[in-house]
Amino acid sequence: MVSTPFVTGSPVWIDLGTPDIEGATAFYKGIFGWDFVSAGPDAGGYGLFQLNGRTAAGAMPVEAGQTPPAWSLYFQTPDVDATAKSVQQGGGSVVFEPMDVMDLGRMAVFTDPSGAGFSVWQPGKNKGLDAVNEPGSLCWGELYTPDEDAAYRFYNSVFGWETTSMPMPDGNGSYRMVSPAGQGAEGMFGGFVPIGTDPAESDTGPHWLLYFAVTDCDASVTAARKLDGTVRVAPTDIEGVGRFAKLADPSGTRFALMQGVDQAG
């Protein structure tokens with residue numbers, strides 16, 4: 001689960017880049033109940049997806065055909081500039097140099113050595129998402145990577161992440177999970193997956209996939225279909241974990257749903 005209050009190395013923010021803000025608002029409202037609220041005339045079209053008045057995500061317009069629509073995941077850092085140096089020392093790349101976002105905070109965009117994109121946020125007035133780990137909000141992230149060991153070395157060097165492994169329910173290998181330093185099992189917020197083992201994720205290259213909590217995975221998938229979303233992986237049970245599905249919104253942005261064990265009964 002995402003650490004709250006947020007700590008160094010914890011997911012702290014997410015946002016959607018989409019060529020169709022209006023269409024995205026209708027789609028995500030239909031499955032998560034989100035409302036879109038503009039961040040103001042100086043924000044370049046950026047706004048907030050809110051769940052009952054609390055921020056669950058950000059969103060911004062991108063040019064169709066120029067920037068692929070995507071969800072972006074931000075990790076908290078106390079010093080964006082120092083993190084940028086650590087990323088480069090670890091073999092990653094700086095896509096957007098550290099920059100101030102008004103008085104809200106400071107950010108940068110990177111890729112890890114495999115090419116998977118991620119961002120960081122140094123909080124100012126904006127401390128992070130208001131809603132996580134509840135229906136309609138971020139609850140998990142997965143890194144699809146060609147080399148789990150190399151990925152762990154990189155993220156450990158940048159954020160100090162710790163890892164533990166869980167046997168897969170089918171007995172086929174193990175699932176490596178990560179948490180911020182010192183947070184233990186309660187702080188586990190994501191896992192690493194060898195990219196070639198999941199046909200639904202193998203055609204896009206290394207990337208982070210976001211999971212959103214839902215109370216009824218099947219009902220959410222039905223709603224997504226009615227709103228012109230694409231079902232990439234139909235609702236599937238994972239023993240001891242819950243029920244999940246993988247979708248894409250009408251612009252093709254990929255994400256996933258998770259109905260937890262405590263909600264599955």
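Accessible areas here come from the Shrake-Rupley method with a 1.4 Å probe. On that basis the protein exposes about 11800 Å², and carbon and sulfur atoms supply 51% of this area. Please keep in mind that this is a predicted model.

**Overall build**

Let's start with the whole chain. Its secondary structure comes to five helices and 16 strands. The C-alpha atoms fill a box of roughly 45 × 45 × 35 Å along the principal axes. The radius of gyration is 17 Å, which agrees with the value near 18 Å that a compact globule of 265 residues would have. Of the 265 residues, 48% count as buried. Among contacts between residues at least 6 apart in sequence, 58% join residues at least 24 apart.

**Helix α1**

Helix α1 covers residues 21–32, and its end C-alpha atoms are 15 Å apart. At 1.5 Å a residue, its 12 residues should span 16 Å, so the two values agree. The buried residues of α1 are I21, A24, T25, F27, Y28, I31 and F32. After the helix comes G33, with a positive phi near 80 degrees.

S119 sits in strand β8, which runs over residues 117–123. Its relative accessibility is 3%; S119 therefore counts as buried, since the cut-off is under 20%. Leaving aside residues up to four places away in sequence, S119 touches L73, Y74, F75, A108 and V109.

M99 belongs to strand β6, residues 93–101. With a relative accessible area of 32%, M99 is partly exposed. Together with V95 and F96, M99 makes a nonpolar surface patch of about 260 Å².

**Backbone angles worth a look**

P5 lies in the segment before β1, the strand of residues 11–18.

Definitions and conventions. Residues are numbered from 1 along each chain as its sequence is written. This is a predicted model: local features need pLDDT of at least 70, side-chain atom pairs count only at pLDDT 80 or more; totals for chains, interfaces and linings use all residues. Side-chain values use heavy atoms; hydrogens and water are left out. Patches are made of residues with over 30% relative accessible area and no salt bridge: like charges are joined within 9 Å, nonpolar side chains (Val, Leu, Ile, Met, Phe, Trp, Tyr) within 5 Å. A salt bridge is a side-chain nitrogen of Lys or Arg within 4 Å of a carboxyl oxygen of Asp or Glu. Helices (H or I, at least four residues) and strands (E, at least two) are DSSP runs, numbered from the N terminus. Buried means under 20% relative accessible area, exposed over 50%, partly exposed in between (1.4 Å probe, protein chains only). The expected span of a helix is 1.5 Å times one less than its number of residues. The radius of gyration is taken over C-alpha atoms; the globule rule is 2.2 Å times the number of residues to the power 0.38. Contact means heavy atoms within 4.5 Å.
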